[in-house]
Amino acid sequence: MKAKSNIEIKNRRASFDYEFLETFQAGIVLSGSEIKSIRAGKASLVDGFCYFSNGELYVKNMHVAEYHWASAWGGHDPKRDRKLLLTRKELRRLQRAVKEKGLTIVAVKLYINEKGYAKLLIALARGKKEFDKRQSIKEKDLRREMDRQ
């Protein structure tokens with residue numbers, strides 16, 4: 001059994017822009033050089049979101065840097081769309097939810113689990129309005145003040 005990896009790439013902007021209704025853990029279809037880059041911590045979820053195509057879920061705008069030691073022919077496109085692996089039940093549930101007005105699926109966290117597989121934590125989310133964002137900032141400031149005391 002492999003030791004738990006400390007690789008955890010978060011999308012901090014997502015929690016500010018969206019209200020998470022439900023989260024799901026999804027596997028990702030990756031090439032060899034992509035998993036090596038993720039294990040090196042060279043990935044970014046900023047602007048990452050999910051969409052459906054032919055009943056399958058894909059993540060778009062997830063940047064995985066090219067692996068430094070990969071050969072020229074064995075490299076990968078850093079911004080390519082990657083297929084997510086979920087159960088059929090979860091896929092149907094998400095597809096129904098996305099058809100509702102104002103709901104989307106955002107990438108929240110990319111990590112390596114205890115078995116050594118790359119997993120993506122995705123969330124069914126609703127966009128926050130401007131006043132909701134101000135409320136989030138106030139709550140964060142209050143928490144910071146409480147921690148100082």
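Predicted model: local features only at pLDDT ≥ 70, side-chain atom pairs only at ≥ 80, totals over all residues.
1. In helix H2, which spans residues 32-39, the buried residues are Ser-33, Glu-34, Ile-35, Ser-37 and Ile-38. The elements that cover these buried residues include strand E3 (43-44), strand E6 (63-64) and strand E7 (82-85), together with strand E8 (103-112) and strand E9 (118-127). Just after H2, Gly-41 adopts a positive phi of about 80°.

2. The structure holds 10 salt bridges, and one of them joins Glu-8 to Lys-109, with the closest N and O atoms 3.7 Å apart. This pair connects distant parts of the chain, since Glu-8 belongs to strand E1 (residues 8-10) and Lys-109 to strand E8, 101 residues apart. Glu-8 is partly exposed at 42% relative accessibility, and Lys-109 is also partly exposed, with a relative accessible area of 21%. Glu-8, Lys-10 and Lys-109 are linked in a network of salt bridges.

3. A salt bridge also forms between Arg-93 and Glu-22, whose closest N and O atoms are 2.8 Å apart. Here too the pair links distant parts of the chain, with Arg-93 in helix H3 (residues 88-99) and Glu-22 in strand E2 (residues 18-28), 71 residues apart. Arg-93 is partly exposed, at a relative accessible area of 45%, as is Glu-22 at 24%.

4. Within helix H4 (residues 130-148), Arg-144 and Asp-141 lie three residues apart, about one turn of the helix, and they form a salt bridge in which the closest N and O atoms are 3.3 Å apart. An α-helix has 3.6 residues a turn, so residues three or four places apart point the same way. Arg-144 is partly exposed, with a relative accessible area of 40%, and Asp-141 counts as partly exposed at 35% relative accessibility.

Definitions and conventions. Residues numbered from 1 in each chain as written. Heavy atoms only, no water. Buried < 20%, exposed > 50% of the residue type's maximum accessible area, 1.4 Å probe, protein only. Helix = DSSP H or I, 4+ residues; strand = E, 2+ residues; numbered from the N terminus. Contact = heavy atoms within 4.5 Å. Salt bridge = Lys/Arg side-chain N within 4 Å of Asp/Glu carboxyl O.
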